[in-house]
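Please consider the model below together with its sequence.

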Amino acid sequence: MKRKVLSDVELRSRVAGGSRIVVDKDTIITPAAMDYIRQHAIELVTDSMTVSRIPIKDGRARYVNSETGEELDYKPEEMTHLKGNLLVSKTHPRIRFRGELDSLIAEVVWIQTVALEENYPAVCGDLDEVLVLLRKVMAAEVKDEVLSPPDLLGMDSARLRYVTHHLKEELGIEHPVPGYKHGRMCAALNRLRTCVRKAELAASVAFDTEKGCSRVDIVEVLNRLSSCIYIMFCRIVAGIYQVGK
């Protein structure tokens, strides 16, 4: 479908200074039209949402649609930053992943309050390590930096994986089936584990390419984080984490 173009000539014929104009969200607004809008204090609205208008700097567009290459001197409300001045739709897989990561961080903070209420200070402290790691994941994704394998609960990536597959040998219990009888702290940790899995799935989708996953480092970190939370859950069941300690 051909996109509409709003020129300064058409704009002058449609509105006067101090008024407002409503355009379709896919309308391309020429730089000359944007200049006229700014100079005459015209309110520009798209799909009932006001458009954030930022002037062109040094003759160059402030934003670029990363999918089409289109240059923009304003940031549409339905778009957000991917990196630098590159914009993508808010439904873009990487933006969805960032949302899942943000929700996961919020979940960890909430479960720390549960740990304090249930008098598990050691659990709260170990979750601090989880928060630090998640913030590293967030920074590495945005900056396109490589993540190192995780180190949690005093265990490296390989050790975390090993313990989750050898609970009887390591913690003295069989794999527990989560249930309400385990108590509120276990229920909270089990929910957190599922949130980590959800973020891991979002990462797998966001970085899926024809050549395979482009961010195996992020997927591995989230996979081991899931193991970490499961081990914490099992430590309560095994009596290793104790109330008041």
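The model is predicted, so local features require pLDDT of at least 70 and side-chain atom pairs count only at pLDDT 80 or more, whereas totals for chains, interfaces and linings use all residues. Residues are numbered from 1 along each chain as its sequence is written, and side-chain values rest on heavy atoms, with hydrogens and water left out.

Helices and strands are DSSP runs numbered from the N terminus (helices: H or I, at least four residues; strands: E, at least two). Helix 7 spans residues 184–206. Its 23 residues reach 33 Å from the first C-alpha to the last, close to the expected 33 Å, where the expected span is 1.5 Å times one less than the number of residues. Burial is judged by relative accessible area (buried under 20%, exposed over 50%, partly exposed in between; 1.4 Å probe, protein chains only). The buried residues of helix 7 include Met-185, Leu-189, Leu-192, Val-196 and Ala-199, and also the polar residues Asn-190 and Glu-200. Helix 3 (93–117), helix 4 (121–143), strand 14 (208–209) and helix 8 (216–237) pack against the buried residues of helix 7; contact here means heavy atoms within 4.5 Å.

Which residues of helix 5 are buried? In this helix, residues 157–165, they are Ser-157, Leu-160, Val-163 and Thr-164. These residues lie on the same side of helix 5 because they cover an arc of only 135 degrees around the axis, the arc being that of the directions from the helix axis to the C-beta atoms. An α-helix has 3.6 residues a turn, so residues three or four places apart point the same way. On the other side of helix 5, Ala-158 and His-165 are exposed. The cover over the buried residues of helix 5 includes strand 12 (151–152), strand 13 (155–156), helix 6 (167–171) and helix 8.

Side chains of opposite charge can pair when their charged atoms come close. The structure holds 10 salt bridges, each defined as a side-chain nitrogen of Lys or Arg within 4 Å of a carboxyl oxygen of Asp or Glu. One of them joins Arg-98 and Glu-141 at 2.6 Å, N to O. This pair links distant parts of the chain, with Arg-98 in helix 3 and Glu-141 in helix 4, 43 residues apart. Arg-98 is buried at 17% relative accessible area, and Glu-141 is buried at 1%.

Glu-107 and Arg-191 form another salt bridge, their closest N and O atoms 2.7 Å apart. Here the link runs from Glu-107 in helix 3 to Arg-191 in helix 7, 84 residues apart. Glu-107 is buried at 14%, whereas Arg-191 is partly exposed at 41%.

Arg-159 and Glu-170 also meet in a salt bridge (2.6 Å, N to O). Arg-159 lies in helix 5 and Glu-170 in helix 6, so this pair ties together parts that are 11 residues apart in sequence. Arg-159 is partly exposed at 34%, as is Glu-170 at 26%. Elsewhere, salt bridges with shared partners join Lys-83, Arg-94, Arg-98, Glu-141 and Asp-144 into one network.

A nonpolar core is a set of buried Ala, Val, Leu, Ile, Met, Phe, Trp, Tyr and Cys residues joined through side-chain atoms within 4.5 Å. The largest has 52 residues, and Phe-97, Val-123 and Met-185 have the most contacts inside it. Helices 3, 4, 5, 6, 7 and 8 each give two or more residues to this core, and helix 8 supplies the largest share, 13 residues. Apart from this core lies another, of 16 residues, among them Leu-6, Ala-33, Ile-37 and Leu-87.
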